[in-house]
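Please open the structure in your viewer and keep the sequence at hand.

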Amino acid sequence: MKKSSLCFLWFMSIFFAVVTIEPVHSHAQLPVTELLVEYAEDARMNFSEEFEGQVEVRKRISSDVELWSLKEGTDVEALRQELQEDPNVLFVESNVKRQLAAEPSEDPFIGEQWWLPHVGAEVVWSRVSEQKRRVTVAVIDSGIDTQHLDLQKRIQPGGQNFYDNTSNLQDETGHGTKVSGIIAAEYGNGEGVSGIAGPFDVKILPLKVFGAGQTTKTSYIVAAIDYAVKLQVDVINLSLGGPVKSDIEERAIQSAIQAGVIVVAAAGNKAEEDNRPFYPASYEHVISVGSIDQRNQHVKSSNYNESLTLVAPGTSIFTTTNGGKYGGSEGTSFSSPIVAGAAAILKSLQPEKTPQEIKKLLQSTATTLAEPGTSLYFGSGLLSLERLHLKLPVENIPVNNVELNTEAVTMDLSSGVSAQSVALTQLPTMNSTMETAYEQEPNDTFKQANWLYVNSNVKGTISETSMDEDFYQLPWKYPGILKLVGGWTKEDSEGGYNNQFLRLDLYDEKQNWIGKANHNKTPHGQNDLSLEVELPAGQYYVKMSQTATNEGFFIDHEYEISSNFTPSNMVQQRPNFLLGDALMKVNDRRFFLNEEDEMTNWESSNKDVASVDNDGVVVAKNPGTATITFYVGNVVKTLRVTVTDATMESKFAMYAKVRPVNATDQAVIWSSSDSSIAEVDQYGVVTAKRVGTVFVTARAGGVAAIATVNVVYNGIGYEFMSDFDNQDVLKDKVFTVTFTQPLSPFKDYSQDIVVSRESNGVTRVYEFTAKVNPLNFRQLWIKPTTYWDEGFHYLTVTKNVQNTNLLSLHKESRLMFYSYGK
């Protein structure tokens, strides 16, 4: 029989200061000798008359552990020996004491959370949009200030008071409130501080095991751990401990870890006394956390040993305190929750990871602090969320759509490469054509604001409830006039009540309100939101919201904001003109400027593809694409160039734009439905081969755009030939296309269907859906969004359509139909 290593009660000094030491339990009138008894699985001892005379109370605190309160005068050692000899009993040990691992703060002027940037918290906060699920941290401590404004919304229902066996969670010492605030004080609410979890959805489950004093017993801790596991928490923080090992406590912790719970514990603050191992931090697989100061120096009181996992800030930790206030704290009690919060962030991003994997990842990304012979003081090093961020996979921003510079083109085999016309068009902005980005949730507060760059567009959505507010930040270096225009997008404008409930507000860098956009009628009769204001250089914020009182309004409605900035007279603005697109052969030399233009400088995005000589002549060097920028006096002129090889074949350059501009996958893959008619290279250059019609596809991130290519000879080409009898159909006709193999039931196939009003693919129609019949996966329903316009339509099911095994169609199917009203 395994013997318990505990033979008597340990009374330990208090780490918490500036308090009067009180009894272990405020309700206890006399000292009571207590034993913890853990049984073998599915076993429990029958109570003999002999035991009845020695045991006052016998209480089950977890599935396999009981707390025995012994009567006065009981021979504790004899009873312990008798229990250990029983085959149904695994462990018998004293109900040892644990204390809070905190020290008094010596800095009365703590004013900021230096420890957040010190561990790189704000870097990993940028990944909040990647959070897979909510995470719960059980704080086994002294309770929590349930009314604290920075904690109210972070408390997970279901907390328990194991000290008094009640549901009263109110913190009597303030220790648990401090620990909870370090982990998850609410971010971006305009109150006090932020926990290390920042904008991540992390909840605190308060489990109270201390009363008004700083000492508790392992029986409460074991019961709390068992409860936390049953509630399937993700992380347990234990900012407590003592020098006496408890086999029963250790088994409870190992069971939690085996159940997938990450256990983080304070290393203790007795290094200057005896530096004995501190439990539970010294148990195997527990993440043991020591303390460093602002200079990354070991805090002299912080315990150090081979069990130490890593260190975190532990001095001048500014956090929440009782009474809705804030204050500073010292000790490993407050280093531990920093790491517990970091573990919670990691678990929310990668919920499939085990506690051992998360411990290893935190260790491998820690910043090494140890010099030769000092590794015991720092473990693997200082917690680094910045290095953790760099080690995690790059955030994936999906492609929304792909845009082509043409939807249909006719190429003549007899003409070869012809010079494309170059149009001179002044751009509407100072720098370039407006790019569109898409909001990244959450952006519900100033601190979570997305970027809205000058002279750009952003699209966002009122989501979840109509009370959703979206924030954006705009930085610029010069004074000038800012113009903001907002409104529902074209797709959602019909149900948007002409933007009357949409609101756009502007704030300065201190979050002071500047003004709101007014409704201005456009030439099309629409009421857009418009705000024009002259501002100094600085940082500004935009808030988009809606004011309808009905929370059911505008859910999932998409809006768009455009920003345009005109610098003041002290900053000279250069008008920007787009010279269009040019297709050139290798070794071609062409002049695109006006004869009177005096070029002062030029730039090329790829000088290996195309450059400019001293006379302003563009020189094509190698196949590829490049953007040429000419600086002509006070004007900027931009030219997009595609360079092909020097063959005489008929060629045409296509250009694709991936939206949003910040999508992760910007690589465009080009393909032709029939390379024997027209082939396309990696740069989007189409080469005509023989008379016929093909579809060229530009694909990025699983999203595709299709252009029709008609190849002719001396103007004579391939006539659109329907595979079926031409049909006259009603305007709401739904076409059913039947395949020999099943399609993917949840995929939208509209991007693989081409509908145009002319046989050569010109005047494309996009207002339709192409969805799989839910009762027959071999059928595709092609349905107009509202109705087909009256007249001829040319419908093609392209070879881009794939079955469930990602095999493409063998050939296209074509249909010509005439739509008419009822």
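Is His148 buried or exposed? His148 is buried, with a relative accessible area of 1%; buried means under 20% relative accessible area and exposed over 50%, with partly exposed in between (1.4 Å probe, protein chains only). The model is predicted, so local features need pLDDT of at least 70 and side-chain atom pairs pLDDT 80 or more, while totals for chains, interfaces and linings use all residues. Residues are numbered from 1 along each chain as its sequence is written, and side-chain values use heavy atoms, without hydrogens and water.

Select His148 in the loop between strand 6 (135–141) and strand 7 (160–161); strands are DSSP runs of E with at least two residues, numbered from the N terminus. Leaving out residues up to four places away in sequence, His148 touches Thr320, Thr321, Gly324, Lys325 and Tyr326, where contact means heavy atoms within 4.5 Å.

Next, select Glu439, in the loop between strand 20 (436–438) and strand 21 (450–451). Glu439 counts as buried at 13% relative accessibility. The C-alpha atoms of Glu439 and Asn450 are 6.7 Å apart, although 11 residues separate the two in sequence.

Finally, select strand 35 (residues 617–620). Val617 and Val619 point one way, Val618 and Ala620 the other way, and all are buried. In a regular strand the side chains alternate between the two faces of the sheet. Strand 35 runs antiparallel to strand 32 (residues 589–591), joined by three bridges; strands pair if DSSP finds at least two bridges between them. Opposite Val619 stand Arg589 and Ser611.

Note on methods
Helices (H or I, at least four residues) and strands (E, at least two) are DSSP runs, numbered from the N terminus.
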